[in-house]
Amino acid sequence: MGHKFDFIFKSDLSEIPNYDAVFIRATTDPLYTSYLVSKTAWELGLRVIDDPNSIRICANKIHQYELFEKHNIPHIPTLIISRDEIHHKQIQELFDLFGRPIVLKAPYTSFSKYVEKVSCETSFRHFARRFFRRSDMLVVQKFMPTRFDWRVGVLNDEILYVCKYMMPNGGWKHGVKRKGKNSFRWGRTVTLKKINAPSKLKETALKACRIVGRGLYGVDIKEVNGEYVVVEVNDNPSIYRGYEDRWDRDIYVKIIKYLAT
């Protein structure tokens with residue numbers, strides 16, 4: 001397409017003004033260098049994936065669920081509780097409301113880290129204490145087991161690809177941390193042709209992305225009794241050769257065109 005690119009790293013931040021666009025392929029978080037790169041490029045008027053606003057919203061699950069609620073995006077039943085609200089009566093009321101188990105999630109997390117399901121008050125308190133080291137707030141959700149989560153890739157309000165992220169055997173998340181190791185066991189990725197994906201699924205994904213921005217996102221969605229509920233919108237979604245791009249090799253052309261506009 002006639003465009004050139006360079007890899008730049010932390011030591012190259014002063015070079016950002018010399019470029020027309022920035023495409024971030026590193027873990028994003030408002031506390032990481034990737035956010036500094038994004039914000040710097042954005043303020044210089046460069047085209048940026050991921051833009052700083054998308055990073056802020058996608059990194060903060062509490063903010064994201066509040067936006068889902070405000071804009072009527074179907075999502076997993078969720079409550080936000082503070083450290084001060086953790087007591088016996090409150091925990092029992094959460095089990096009464098959502099059933100057992102329920103899912104606890106730290107507000108700032110990625111790659112399914114700091115997401116656990118608990119079935120009793122003891123395990124609730126155990127993981128809550130651990131997650132409160134990262135935040136004074138905790139996300140509590142209804143447990144909705146499914147064989148797979150839909151992953152819908154979206155760029156600039158357009159569907160890029162549609163996958164099923166299968167759960168590995170015995171797992172309830174797409175990625176399961178290996179016991180005693182700092183690595184994950186992932187489920188299979190089954191890719192569909194976009195045209196064969198359910199229309200309602202694609203509509204739900206686009207609607208969820210519009211409250212975040214017009215960048216590149218991967219939307220995780222559960223299908224329960226024919227209904228689609230959003231788990232979360234992720235910036236910086238994974239795109240692996242032969243998986244997400246299996247049926248849609250034009251993904252990269254579309255990303256480059258977006259950056260070069």
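Where is the place of Asn236? Asn236 is found in the loop between β13 and α7 (251–260), where helices (H or I, at least four residues) and strands (E, at least two) are DSSP runs, numbered from the N terminus. The structure is a predicted model, in which local features need pLDDT of at least 70 and side-chain atom pairs count only at pLDDT 80 or more, while totals for chains, interfaces and linings use all residues. Residues are numbered from 1 along each chain as its sequence is written, and side-chain values use heavy atoms, with hydrogens and water left out.

An open sheet is formed by four strands in the order β3-β6-β4-β5, with antiparallel pairing; two strands are taken to pair if DSSP finds at least two bridges between them. From one strand to the next, the twist averages 30°. Five bridges link β3 to strand β6 (residues 137–142) in the antiparallel sense, and Val139 in β6 is the bridge partner of Ile80.

Two helices lie across strands of this sheet. Contact here means heavy atoms within 4.5 Å; axes are lines fitted to C-alpha atoms, for helices over the stretch in contact, and angles run from 0 to 180 degrees between N-to-C directions. Helix α3 (residues 61–70) lies across β3, β4 (102–105) and β6, and runs at about 50° to β6. Helix α5 (residues 121–131) lies across β3, β4, β5 and β6, and its direction is at about 160° to β5.

Cis peptide bonds were also identified in the model. One joins Ile49 and Asp50, with omega of about 5°; Asp50 is placed in the loop between β2 (47–49) and α2 (52–59). Another joins Arg100 and Pro101, with omega of about -5°, and Pro101 belongs to the loop between α4 (88–98) and β4.

Asn225 is exposed, with a relative accessible area of 79%.

Definitions and conventions. Buried means under 20% relative accessible area, exposed over 50%, partly exposed in between (1.4 Å probe, protein chains only).
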